[in-house]
Amino acid sequence: MFIDPHLNPDKDHYNEFHKILAAIPKRDDPHLIEIHRVCYIGSVPSREFIPVSKW
């Protein structure tokens, strides 16, 4: 389970996050991986909610 409210692989400080996921060994019974973050970009009053289609 990854919990980071502002996880964004497009940002420089997250650009190696994919390496963590790639390091998870493949198995016959797949792992359950959860990523928890907020569903918006920015802050009040200019907060922009990310449409589900972008996830």
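Two aromatic pairs turn up in this structure, where rings of Phe, Tyr and Trp (its six-membered ring) count as paired if their centres lie within 6.5 Å, with planes under 30 degrees apart called stacked, over 60 edge-to-face and the rest tilted. Keep in mind that this is a predicted model, with local features needing pLDDT of at least 70, side-chain atom pairs counting only at pLDDT 80 or more, and totals for chains, interfaces and linings using all residues. Residues are numbered from 1 along each chain as its sequence is written, and side-chain values use heavy atoms, leaving out hydrogens and water.

**Phe-2 and Phe-17**
- These two rings sit edge-to-face, 5.1 Å centre to centre with 80° between the planes.
- Phe-17 is buried at 12% relative accessible area, while Phe-2 is partly exposed at 24% (buried is under 20%, exposed over 50%, partly exposed in between, using a 1.4 Å probe and protein chains only).

**Around Tyr-40**
- Tyr-40 pairs edge-to-face with Phe-49, at 5.9 Å between centres and 70° between planes.
- Tyr-40 is buried at 18%, but Phe-49 is exposed at 53%.
- Arg-47 lies over the face of Tyr-40, 4.0 Å from the ring centre (the rule: NZ of Lys or CZ of Arg within 6 Å of the ring centre and within 35 degrees of the ring normal).

**Salt bridges**
- There are two salt bridges, each being a side-chain nitrogen of Lys or Arg within 4 Å of a carboxyl oxygen of Asp or Glu.
- Arg-27 and Asp-29 meet at 3.0 Å, N to O; Arg-27 is partly exposed at 44%, and Asp-29 is partly exposed at 46%.
- Glu-16 and Lys-19 meet at 3.8 Å, N to O.
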